[in-house]
Amino acid sequence: MDASARPFGYGSKNIGCNGDVGWLEYILLSVRSGSVAAASLPPSLRAALEEYTDAVREVGARVLELMADGLGVAEEHRGVLRRMVAPDDAGGADEMVRVNHYPPCPSSLAAGQRGVTGFGEHTDPQIISVLRSNRTAGFQIMLPDGRWVPVAPDTDSLFVNVGDSLQVLTNGRFRSVKHRVVAPTEGQQPRLSVIYFGGPAPTQRIAPLPELMREGEQSLYRDFTWAEYKKAAYKSRLGDHRLGPFELPAAATAQESTTKADHYCSSNAAVQAPAAAPHVARVH
Ligand SMILES: O=C(O)CCC(=O)C(=O)O
């Protein structure tokens with residue numbers, strides 16, 4: 001049966017409410033808000049999910065701290081990004097966990113295609129995402145020149161993705177990475193992944209951090225809150241350039257010149273990234 005999680009709960013094939021489809025089933029949970037989807041879980045699963053989220057949130061928060069360090073933020077302000085996803089006062093951050101299951105796609109459906117879309121190309125709107133998977137390939141990221149490269153699965157690693165909000169908070173120094181999943185085909189193992197999405201509080205202003213801006217540096221984006229961006233993201237298609245409507249004209253020029261100069265700031269400022277994957281960092 002095809003179903004869409006609206007916005008939380010179980011979904012099959014339909015992703016979101018705007019016509020995106022993939023070869024997967026999934027469960028999307030809001031971890032802290034006590035949403036119906038999370039509340040209706042069996043207590044043991046809920047406890048396991050909360051324990052996992054607590055641990056993985058800390059990984060994301062630590063990576064953000066290292067990124068701030070790598071960007072030269074003064075020591076006393078180094079927690080500025082981590083506090084957005086792991087605030088001291090409980091209840092602030094807007095977090096989700098998605099568990100994806102990609103069964104092998106029957107050969108009759110895959111025939112003549114170079115790969116069946118498991119999860120279509122997109123960037124994550126939040127600040128940071130932390131992904132874990134079983135030993136099944138399929139996850140790919142797009143390089144700045146538009147080429148897709150596979151990210152080898154590794155059950156001992158967590159993969160960290162920069163989200164759109166982090167791109168804005170760093171005024172484009174870190175860029176959100178487009179990624180997608182190609183579904184396994186008949187005879188291959190099903191792919192299983194768990195992704196933690198760390199977003200800030202709904203009222204959080206998403207704008208370049210003053211701690212980072214050089215003298216005279218202009219913001220590449222107009223001001224918005226996380227609630228505004230999330231609303232816009234829910235209305236868009238998966239592959240849309242969601243930051244587009246929030247970019248100021250200078251953003252396009254900056255993007256062009258960084259692409260030409262091949263001078264992307266990569267997340268390996270914080271942790272070592274796989275050679276071909278400049279915006280996805282692997283944490284062992
Ligand atoms: O399932 C995966 O490996 C990645 C899926 C993904 O990008 C997402 O759920 O946003």
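Trainee: Which residue of β8 is the bridge partner of V130?

Mentor: V160 is the bridge partner of V130. Keep in mind that this is a predicted model.

Trainee: What makes β5 and β8 a pair of strands?

Mentor: Pairing takes at least two bridges. Four bridges join β5 to β8, so the two strands pair. They run antiparallel.

Trainee: Why is β8 called mostly covered?

Mentor: A residue is buried if 20 or more other C-beta atoms lie within 10 Å of its own. In β8, residues 158-162, five of five residues are buried. Therefore each of those five reaches that cut-off.

Trainee: How do you know which faces of β8 are covered?

Mentor: Side chains alternate between the two faces of the sheet in a regular strand. On one side of β8 sit L158, V160 and V162; on the other, F159 and N161. All of these are buried, and both faces are covered.

Trainee: Now the ligand. Which strands each supply at least two residues of its shell?

Mentor: β3, β5, β9 and β10 do. The residues around the ligand include L131 and S133, and β5 spans 128-133. So both of these fall in β5.

Trainee: How many helices and strands does the protein chain have?

Mentor: Seven helices and 13 strands. Of its 284 residues, 38% count as buried.

How values were computed. Residues numbered from 1 in each chain as written. Predicted model: local features only at pLDDT ≥ 70, side-chain atom pairs only at ≥ 80, totals over all residues. Near = placed C-beta within 6 Å. Buried ≥ 20, exposed ≤ 12 C-beta atoms within 10 Å, placed from the backbone.
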